[in-house]
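Colleague: Hi! I'm new to this one, could you walk me through it?
Modeller: Happy to, here it is.

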Amino acid sequence: MFTSIAIIGRPNVGKSSLFNKLTRSRDAIVSDFPGLTKDRNYGYFESKNKKTLLIDTGGISESNEDLKDVISAQAWIAVQESSLVIFLIDGSEELTKVDQDIFENLRKFDKEFLTVLNKIDKKTQTSVKEDIYKNGIKDFFEISAEHSINLSNLKSFLEKKIPERIDDLTDDKKVAILGRPNAGKSTFINQLVNQDRLIVSEIAGTTIDAISIPFEINNEKFTFIDTAGIRKGYKYNHRIEYFSFIRALHSIEKSDIVIFLCDASENLVDQDLKILNMIIDAGKPILFAMNKIDLLSNKELVNLRNSKKMQSEFMQKIKKVEISALNKKGFKRIFKETNKIIQKSQENFSTSLLNKLLDKFIKLSAPPSVGGRLLKFKHIHFSGVCPTTFVINANQDKKIPDNYKKYLENSFRKELSLESVQLKLIFKKSVNPYKDKKNQLNNRQEKKRKRLIKHKKKSKK
């Protein structure tokens, strides 16, 4: 079961700082100005091969302003959808009425929550700890997100809370269907299962929840997950759309592959690329399906294929199929490509194969010199799937030019047929294990050494 963690609290208690530290990113804007975070930030907290979705929310306030009401409401949606809640409090200030209200609401949700006092680096005298005790909280963490004080303790606790990834005992392949509203996702699934399981409407946004549908074809079992369309500006919109977006994120994580449906009659737009990037960040393989091609003439179809966005380097890495969900056109190819991509995305590559390929790529294009030293790649090994991860040991890790990293990535992708599969290369600096160690002599060798030293001293006299 995939879980998520929400960070909540009143404005300017350090939620975005903590989010950035836990996700090892700078995705959330950090400022002393309260209420800066208005839309939600999403990232992944990873520790020892465990991974969970982390949600940074806007500050909860008691203001009656429309925007602040929306921000607070969406923070509570994140709480509702999460398995664990981090309630962040400013440890340098007294407990406020808003903090008290958040305590009461969290108990109403009956959610497991963790109380964290932030900004302990500020030496101010407050009674915040006593007030927390009065609220029935005996165990809490004291940290400074900005200066990483006691963060390791918090990370260790969170890691224990994330469940181990248990391989699904069922042999069905989980396929999430994503796209903008009215791209034809529900029609696509209904036509596959030959029954009107899902409501189909020309009105965009009919589907608001993620719906799982078991399905079997050619003795192969699938579970299709129909998700709500993710529209532009969903972060600022009302409760239902934000709720649907979080469900779509969970669907991506549960899936073995994501089929992205694009309305071919509307061409590829920026919102499509944003959703694709969201899937890539989750490390999931993608099959790009251009739907409603029955509405296009041959000339329009050629123009779509040759458009600048479709021919971009980004889209060249993704397998594309042309379908018409309404007319069941292209369905056989969808299944063929889906099976092929899932199989490739779960493949384990041997160390010997990867090292042979690495040597081949280095001979074809020699690594550049970095700071006057020749860049040397020593060995490579397979590290995991979703994304497919290779670890390369070299004499440098941080100074490797981006263009050479891109060359290696593209070479592995092409040689191993990793089209539509996310590939991640991790560069590690090799350490000589014997660098600081001296040879250990046994007793016989030690005695011989002493005799030689004694003999040499005598000969000098």
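Colleague: Before anything else, what kind of model am I looking at?
Modeller: This is a predicted model.

Colleague: Okay. How many helices and strands does the protein chain have?
Modeller: There are 14 helices and 17 strands in the protein chain.

Colleague: And what share of the 461 residues is buried?
Modeller: Buried residues come to 48% of the 461 in the chain. As for contacts with a separation of 6 or more, 70% of them involve residues 24 or more positions apart.

Colleague: Let's zoom in on α1. Is α1 mostly covered or uncovered?
Modeller: Mostly covered: of its nine residues, eight are buried. Those are K15, S16, S17, L18, F19, N20, L22 and T23.

Colleague: How do the axes of α1 and α5 cross?
Modeller: Helix α1 covers residues 15–23 and helix α5 covers residues 151–161; their axes come within 11 Å and cross at roughly 70°. The two helices are therefore roughly perpendicular to each other. Their crossing is right-handed.

Colleague: Which residues meet there?
Modeller: From α1 you have L18, K21 and L22, and they meet L151, L154, K155 and L158 of α5. By class, that contact has five nonpolar and two charged residues, with no polar ones.

Colleague: Now the other pair. At roughly what angle do α12 and α13 cross?
Modeller: Roughly 125°, with the axes of α12 (residues 351–364) and α13 coming within 11 Å. That makes α12 oblique to α13. This crossing is right-handed.

Colleague: Who makes the contact between α12 and α13?
Modeller: On the α12 side, L354, L357, L358, K360, F361, I362 and L364 take part, and on the α13 side, Y404, Y407, L408, S411, F412 and E415. Sorted by class, the contact of α12 with α13 has 10 nonpolar residues, one polar and two charged.

Colleague: Changing topic to loops: where is N135?
Modeller: N135 is in the loop between α4 (128–134) and β6 (141–142).

Colleague: Why does N135 count as buried?
Modeller: Because its relative accessibility is 15%, and buried means under 20%.

Colleague: What does N135 touch, sequence neighbours aside?
Modeller: Beyond its neighbours within four places, N135 is in contact with L95, Q100, F103 and R107. The side chains of N135 and Q100 are joined by a polar contact of 3.3 Å. Those two residues are 35 apart along the chain, while their C-alpha atoms are separated by 8.2 Å. A polar atom of the N135 side chain also lies 2.8 Å from the backbone oxygen of D131.

Colleague: Nice. And S420, where is that?
Modeller: S420 is in the loop between α13 (402–415) and β17 (423–429). With a relative accessibility of 2%, S420 counts as buried. Not counting residues up to four places away in sequence, S420 touches P285, I286, K317, I318, K319 and I341.

Colleague: Last one: where does Q396 sit?
Modeller: Q396 is in the loop between β16 (388–394) and α13. At 9% relative accessibility, Q396 counts as buried. Leaving out residues up to four places away in sequence, Q396 touches R373, L375, K428 and K429.

Colleague: Thanks, that helps a lot!

Methods: Residues are numbered from 1 along each chain as its sequence is written. This is a predicted model: local features need pLDDT of at least 70, side-chain atom pairs count only at pLDDT 80 or more; totals for chains, interfaces and linings use all residues. Side-chain values use heavy atoms; hydrogens and water are left out. Helices (H or I, at least four residues) and strands (E, at least two) are DSSP runs, numbered from the N terminus. Buried means under 20% relative accessible area, exposed over 50%, partly exposed in between (1.4 Å probe, protein chains only). Contact means heavy atoms within 4.5 Å. A polar contact is a pair of N or O atoms within 3.5 Å; within protein, one must be able to donate a hydrogen and the other to accept it, and residues adjacent in sequence count only if both atoms are side-chain atoms. Axes are lines fitted to C-alpha atoms, for helices over the stretch in contact, and angles run from 0 to 180 degrees between N-to-C directions. Angles under 35 degrees count as roughly parallel, over 145 as roughly antiparallel, 65 to 115 as roughly perpendicular and the rest as oblique. A crossing is left-handed if the near helix is turned anticlockwise from the far one by less than a right angle, and right-handed if clockwise. Ala, Val, Leu, Ile, Met, Phe, Trp, Tyr, Cys and Pro count as nonpolar, Asp, Glu, Lys and Arg as charged, and the others, Gly among them, as polar.
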